[in-house]
Amino acid sequence: MQNLATKFENLTIQSDFIFKKVMSRKRICIHLLEELLQIKIADINYLEAEKSLEPEFVSRGIRLDIIVADDKNTHYNLEMQVKNTKNPDTKNYVLPKRTRYYQALMDIDLLQKNQEYDLLPPTYIIFICVFDFFAKGNYVYTFKKRCLEDLELELPDEATTMILNTKGTHGSISKDIKSFYDYVNNHVINSDFTRQIDDEISYLKLDSKVRREFMLLEARLLDERREAKAEGKAEGKAEGLAEGKAKEKTATAKRLLSMGLSVEDIAKATSLSVEQVEKIKAEQI
C-alpha cells in the first residue's frame, strides 16, 4: 500500500487516471476543446468517463478516457497516449489502427437501431501523444478522408481524427495549447490555464476518496495482471506437455519403423494416424 501511496503522490497529467479526473471538470475540458479547434462551446455533456464499448462478445472491448458531446451534438473522445506501443508479434505500431477501431466503436454506440446513417453526429477522436508518431515536428496532425484522385475532394462523413504531438516544434496552435503541451511534457506552469489544471490535480491528491479509488483500481489491475500471468504459465505448461508427448510418439514410431513393423501397427501402438506415420517414414528415407 505504501508503494501505491507514493505512486499516487507522483501522478501527473500523463496518467490516464489523473487525465480523466482533470478532464471531468467542464471548464477545463471545454477550454481545451475551444482552444484546440478554435470554436465556441456553450456546454458539454459527459456521456460516460472511461466508457467501455463492447458491441459483441467476441469483439475486443475498449475503455475510452473521456467522451463528451457539446451543445451542437458534436461528440469528442479524448485520450492521453504516453507510449508508442508496438504489437510484439507483427512489430507494427498500433496507434493508427487503434484510432480506426475507436472511431468504429464510437459510431456503433452513437447510432441506435433502425436509425438512418445520416443521423450520426460529427465526431472527433483526439489522441494527446507525448511522442511524435510521424516524426514531422507538427504540433497537430489532423486527418479526414480525401479522394486520392482529387485531394481537394473531402468525404463529408464528419469524422475527424487528431493526433496531438506535445513534442512538436511547428504549426499553428494557440498559446494555451502550447502551454498545455509544456505542462504535459515538463510540468511547466506558464499560463492561467495550466495553473487551473495544476490546482485541480493538487485538489485531487488531497481528496481521500480519489486516493482510495486509485488504490482500488491499481489493486484490481494488479490482480488482473497476475491472473493473466498465471493463465499464461498454465497454457505454456500444457503446450509444453503436449509438445513433449508428440515428440515421444514420433521417436517411438521411428524405432518401430526401424524394426520393420507395418505403418498400420505403428499407428495403433502410438495413437498416431496412418498419415502421420507415413510422413515420418517418408522423412527417414
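Predicted model: local features only at pLDDT ≥ 70, side-chain atom pairs only at ≥ 80, totals over all residues.
In which loop is the place of histidine 187?

**Close-up A. Histidine 187 in the loop between helix 5 and helix 6.** The place of histidine 187 is in the loop that runs between helix 5 and helix 6, the latter spanning 192-206. Although histidine 187 is not a glycine, its phi is positive, at about 60°. Most residues other than glycine have a negative phi. Histidine 187 counts as partly exposed because its relative accessibility is 44%, a value in between the limits of 20% for buried and 50% for exposed.

**Close-up B. Serine 271 in the loop between helix 8 and helix 9.** Helix 8 (263-270) and helix 9 (274-284) are the elements on either side of the loop in which serine 271 lies. A positive phi of about 65° is found at serine 271, although this residue is not a glycine. With a relative accessibility of 58%, serine 271 counts as exposed, since the term applies over 50%.

**Close-up C. Serine 174 in the loop between strand 8 and helix 5.** Serine 174 counts as buried because its relative accessibility is 15%, and buried means under 20%. The side chain of serine 174 reaches the backbone nitrogen of isoleucine 177 at a distance of 3.2 Å. When residues up to four places away in sequence are not counted, serine 174 touches Glu35 and Gln38.

Note on methods. Residues numbered from 1 in each chain as written. Heavy atoms only, no water. Helix = DSSP H or I, 4+ residues; strand = E, 2+ residues; numbered from the N terminus. Buried < 20%, exposed > 50% of the residue type's maximum accessible area, 1.4 Å probe, protein only. Polar contact = N/O pair within 3.5 Å; in protein donor to acceptor, adjacent residues only side chain to side chain. Contact = heavy atoms within 4.5 Å.
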